[in-house]
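Subject: Structure handover

Hello,

Here is the structure you asked to look at. Please open it beside this email and follow along.

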Amino acid sequence: MTEKQDYEVLVLGAGVSGIYQIKRLVDLGVDALVLEADDDLGGTWYRNRYPGARFDSESYTYGYSFSKELLDEWDWRERFSPQPENLRYLNFVADKFGLRQHMHFNARVASMHWQEAKCQWRVETQTGQVYTARFVITGIGVLSVPTEPRYPGMDSFKGQAFHTYWWPKEPLDLTGKRVGVIGTGATGIQVISEIADKVGELKVFQRRPNWSTPLNNSPISTAEMDDIRARYDDIFAQCAESPNSFVHTPDRRGFDNLTKAERIAFWDELYASPGFAILAGNFPEVLMQEAPNQEMSEYVANRIRERVKDPALAEKLIPKDHGFGTQRLPLETRYFEAYNRDNVHLVDLQDSPIECITQTGIRTTTDEHELDVIVYATGFNAITGGFDKLEVKGVDGQLLGDKWKDGPSTYLGLTTHGFPNLLMVAGPQSVSGSTNFPRAIEGAVDWVTELVQHVREQGHTRFEPSQEAEQAWVEEVKRVQQKLLARQSQGWFTGYNSNVVGHEVGTVRYQAYFGGGPKYASILKKAAAEGYDQLEMS
Ligand code: NAP
């Protein structure tokens, strides 16, 4: 580690956002450094090593688009690439562009204090290392703060227990083991499907079932990769036009213009299609109107009924409290078939809630479950969690945590009033939480970089959004969210997390912008074209 402490820009996080952000800054000759809490780069793909972890974006839409050379050199091997390969990819990018030398690892930031007199941020790590910088850009992810339940006795368990985010790096042999998985979100569904036929006994502790549809993964042959490579411009153009920034675009024939039989035939096609086609390529009415949503939900419920042999069990796996697509849709590979196995058992926590964790397993109100391993697939303090963990003090010592106590408030999801020279890539109220992540952050990184350039070129040293501009953006975020059926759901999109105080049932936070990638990109473009006139510069 060098002795140098003062930089023009500090970037927090060496994940998908931080890697591209430092690339752009280095190319401009900006004196910048990445501080990364972990001992290596990769963020989400460094941490989430649980069996079954993989993209649910088509791999070739997840890779960076900024370098033709990079696109030429990297081959994706599966349509939905697994975690080890994704981590290899991010390392390949960092090594290819020599980015590692601009990163400090094991540098978990504990606090960031704005120093008005010096017009700079003072950033201190947990180990007491202090840095200063004119600008700070956060790339701390939207799902980087895992949350565990608060059951009594969790420390007493004598076997192995961990959150999926902390799945051990060293190989873990589950052969013959009695494994309990708590949680059936996208993570739990991936783990359960992958380990069902490898463990001795698997008990799934389910509080609320999730809608889930097939991922339909497949290998990518050399010939197909050549074809993809030739079409990259079209693929990224397609993503730029799609609300969710995937290669899927909504079907605008009109839900009511088709007969029910036609709709079902269409859904049969979507159910057999890869990735988020069934969500992003569906009729928009399905996500916005009750009746179409109910019909779609019934369709997916029937597919689950076809796949699970025990009808009573199938009913337990079908959500009854929310409609299809109103929470983040997990994509699965033989998930429902796992429940047809003799060694897999569903423990329905609605019938018998967990009382405590014991030395030997999990006690519910009706049973004692003896286990060797407990896996907490219990999710994240999403979107704002990474900021909650930092002590961010802005103008006059105001704490960001206080400002955002009842929910975030930002201008375009990129800046926030009272916290000058702070830029957030994948910040709250941006599209990073609601669309194909790399597509969103590439746009954000470009915007942020051009803003920093603009501020420097104009000879300014300080900027922050006006309060009015921020209020207007928050209103827009709320307006758009109100139009979606998702506004009623208990998912992380809207800030729900039973394990975080203030995020329990009934919470509605405006954490993400749901206006779609294309609309958001046009708003960013307009803000820059108008000379960033919503930002006060000096
Ligand atoms: P999640 O969607 O928030 O799911 C958490 C699960 O844990 C829910 O089933 C929840 O039940 C349960 N749970 C939480 N606390 C519990 C408690 N105290 N007792 C019992 N059950 C509890 O989290 P996730 O599955 O980690 O997924 C988060 C996001 O990560 C996804 O939505 C996705 O965006 C991303 N992800 C992506 C991929 C990918 O394929 N690229 C894979 C995995 C994850 P309730 O519903 O009842 O609260």
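Which strands form the open sheet, and in what order? There are five of them, in the order S7-S16-S8-S9-S12, and the pairing is parallel. Please keep in mind throughout that this is a predicted model.

**The parallel sheet**

Strand S7 (160-163) and strand S12 (344-348) stand at the edges of this sheet. Each has a single partner strand, so one side of each has no neighbour in the sheet. From one strand to the next, the twist averages 15 degrees.

Within the sheet, strand S8 (residues 178-182) runs parallel to strand S16 (residues 373-376), and four bridges join the two. To find this pairing on the screen, look for Ile 182, which stands opposite Tyr 376 in S16. Helix H6 (residues 186-195) lies across S8 and strand S9 (201-206), and H6 runs at about 160 degrees to S8.

**Two hairpins**

Cys 356 has Arg 363 in S14 as its bridge partner, and the hairpin that joins S13 to S14 goes through three residues.

S14 also runs antiparallel to strand S15 (residues 368-370), to which three bridges join it. Here the bridge partner of Ile 362 is His 369 in S15. S14 and S15 form a hairpin, with three residues between them.

**Two helices in contact**

Two packed helices are described by the angle between their axes and the distance between the axes. For helix H9 (residues 260-271) and helix H12 (residues 290-307), the axes come within 11 Å and cross at roughly 55 degrees. That angle makes H9 oblique to H12. The crossing in which H9 passes H12 is right-handed.

Which residues of the two helices make the contact?

- From H9: Lys 260, Arg 263, Ile 264, Trp 267, Asp 268 and Tyr 271.
- From H12: Glu 295, Met 296, Tyr 299, Arg 303 and Arg 307.

The residues of this contact divide into five nonpolar, no polar and six charged.

Arg 49 lies in the loop between helix H2 (44-47) and helix H3 (59-62). Its relative accessibility is 22%, so Arg 49 counts as partly exposed; the cut-off for buried is under 20%. Arg 49 and Thr 164 are 115 residues apart in sequence, while their C-alpha atoms are 7.6 Å apart in space. Leaving aside neighbours within four places in sequence, Arg 49 is in contact with Gln 83, Leu 87, Thr 164, Trp 167 and Lys 169.

The other two residues are listed for their backbone angles. Most residues other than glycine have a negative phi. Ile 383 is not a glycine, yet it has a positive phi of about 70 degrees. Ile 383 lies in the loop between S16 and helix H15 (385-388). Is Ile 383 buried or exposed? Ile 383 counts as buried, because its relative accessibility is 2%.

Asn 421 also has a positive phi, of about 60 degrees, although it is not a glycine. Asn 421 lies in the loop between helix H16 (400-403) and strand S18 (422-424). With a relative accessible area of 0%, Asn 421 is buried.

Regards

Notes:
Residues numbered from 1 in each chain as written. Predicted model: local features only at pLDDT ≥ 70, side-chain atom pairs only at ≥ 80, totals over all residues. Heavy atoms only, no water. Axes fitted to C-alpha atoms, helices over the stretch in contact; angles between N-to-C directions. Parallel < 35°, antiparallel > 145°, perpendicular 65-115°, else oblique. Left-handed = near helix turned anticlockwise from the far one by under 90°. Contact = heavy atoms within 4.5 Å. Nonpolar A, V, L, I, M, F, W, Y, C, P; charged D, E, K, R; others polar. Pairing = 2+ DSSP bridges. Buried < 20%, exposed > 50% of the residue type's maximum accessible area, 1.4 Å probe, protein only.
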